[in-house]
Structure formats: structure tokens, C-alpha cells
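Here are some notes on helix packing and salt bridges, for you to check against the coordinates.

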Amino acid sequence: IVASLDAFLTQCAQARYWYLKGALQQSRNLEVEGDKTVVADYLKKLGFSNLMVQSLNAAEQDFTNTATSFELKNCLGHLRSFLEQLHVQACPPFAQPTDILPAKWGPATLFLRQHGVITLKEEAFITTLYTLVSDEAIHPLIADREYARLFRNMVIEYGLLFLTTLQKKNIKLFGAP
């Protein structure tokens, strides 16, 4: 009887774990949701292209509770494009007359570090995240929900950090209101 009860309690604990894991993966983080709105506001206020907000919205449309693995892959692709353009579009206000503006993400990230916009550790962090997004979004045919959730949340939070840094430096892109 004791062995049967132990086995039953073990199965109950495992069932509870799987139930909670599924529930946590499906629920939204209210803080991240609020930060996404702040990121969109910063993008507009600082003069980033309207495509930046559209890219975030497209990623959001692909990141639903019922999304297929193909939709999640599209979500990762939009997030990757968002990261690329976040850095590329941020470069012009920091350029000197002799600088050649970078058109791709890697050179743009290096440019931003060399011009004191991001630190070496921030560059290492975002480069690692970008690499992970690229590996999951570009190479496989499909993406897992856990990766899409992680990257979505991290990209939004990094966007908030980066845009807050620009705001504190009182940087606006050309044509910003």
C-alpha cells in the first residue's frame, strides 16, 4: 500500500508540473506587454521608421496561443529584422562627417559600441541573442514556442533598454517630431 501511495503521489507531482509548465508557457507577462507599448512609443518619438512598429506588431500577430510552428518561425524572423533595424537606424545621429554609415546589423552594432552608445558587455549580450534568434528563425523550417516566447520577451526588453539609452542621451533620428 505504501509503495502504491508513493507511486500515486509521484504521478500527481509530475502531472502538476506538466500542467503548470503548460499554463506558464501560455500566459502573457503583463510587464512585457506594457514594455512593448513603451517601446512602440519610443520608436515613434525618437523618429524610427513606421516599419519598426509594424515589425513588432507582425511578430505579435504570429505569436498567439494557437500559433503553429511555421507562424512562430515568422515571429522570430520579424524579431530578427526588428533588432537589425533598431541598430542600423540608430547610427546616423552618432556619425561624424568622415564616417560611413553601416547598412547591416553587425557593422551597425560595432559602430554603436565604438561611438559609446552601447557597452562592450551590451554588445556581447545582444550579439548572442541575435545569433540565437538567427539560428532558430533562419535555419530550421519551424520554431518552438519556448524559443519564440524567450526571444520575443528579450527583444522587447532589449529594445526598451536601448531606446531608453537613446532618450537619456536626448538623441532623435532625422525627421523625428
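1. A salt bridge here is a side-chain nitrogen of Lys or Arg within 4 Å of a carboxyl oxygen of Asp or Glu. Arg-113 and Glu-123 meet that criterion, with their closest N and O atoms 2.3 Å apart. Bear in mind that this is a predicted model.

2. Where do the two partners sit? Arg-113 belongs to helix α5 (residues 105–114), and Glu-123 to helix α6 (residues 120–138). They are ten residues apart, and the pair links distant parts of the chain. Arg-113 has 28% relative accessibility, so this residue counts as partly exposed. Glu-123 has 13%, so this one counts as buried.

3. How many salt bridges does a search of the whole structure find? The search returns four. Three residues, Glu-33, Glu-60 and Arg-152, are linked in a network of salt bridges.

4. Glu-33 forms a salt bridge with Arg-152, and the closest N and O atoms are 2.6 Å apart. Glu-33 lies in helix α2 and Arg-152 in helix α7, 119 residues apart, so distant parts of the chain are linked by this pair. Is Glu-33 buried or partly exposed? Its relative accessibility is 22%, and Glu-33 therefore counts as partly exposed. Arg-152 has a relative accessible area of 3% and is buried, because buried means under 20%.

5. Now the Glu-60 side. Arg-152 also forms a salt bridge with Glu-60, where the closest N and O atoms are 3.0 Å apart. This pair, too, links distant parts of the chain: Arg-152 is in helix α7, Glu-60 in helix α3 (residues 50–62), and 92 residues separate them. Both Arg-152 and Glu-60 are buried.

6. Next, the packing of α2 on α7. Two packed helices are described by the angle between their axes and the distance between the axes. Helix α2 covers residues 30–46 and helix α7 residues 145–168. Their axes come within 9 Å and cross at roughly 40°. The two helices are therefore oblique to each other. The crossing of α2 past α7 is left-handed.

7. Which residues make up this contact? On α2 they include Glu-33, Val-38, Val-39, Tyr-42 and Leu-46. On α7 they include Arg-152, Ile-156, Leu-160, Leu-163 and Gln-167. By class, the contact has ten nonpolar, four polar and seven charged residues.

How values were computed:
Residues are numbered from 1 along each chain as its sequence is written. This is a predicted model: local features need pLDDT of at least 70, side-chain atom pairs count only at pLDDT 80 or more; totals for chains, interfaces and linings use all residues. Side-chain values use heavy atoms; hydrogens and water are left out. Axes are lines fitted to C-alpha atoms, for helices over the stretch in contact, and angles run from 0 to 180 degrees between N-to-C directions. Helices (H or I, at least four residues) and strands (E, at least two) are DSSP runs, numbered from the N terminus. Angles under 35 degrees count as roughly parallel, over 145 as roughly antiparallel, 65 to 115 as roughly perpendicular and the rest as oblique. A crossing is left-handed if the near helix is turned anticlockwise from the far one by less than a right angle, and right-handed if clockwise. Contact means heavy atoms within 4.5 Å. Ala, Val, Leu, Ile, Met, Phe, Trp, Tyr, Cys and Pro count as nonpolar, Asp, Glu, Lys and Arg as charged, and the others, Gly among them, as polar. Buried means under 20% relative accessible area, exposed over 50%, partly exposed in between (1.4 Å probe, protein chains only).
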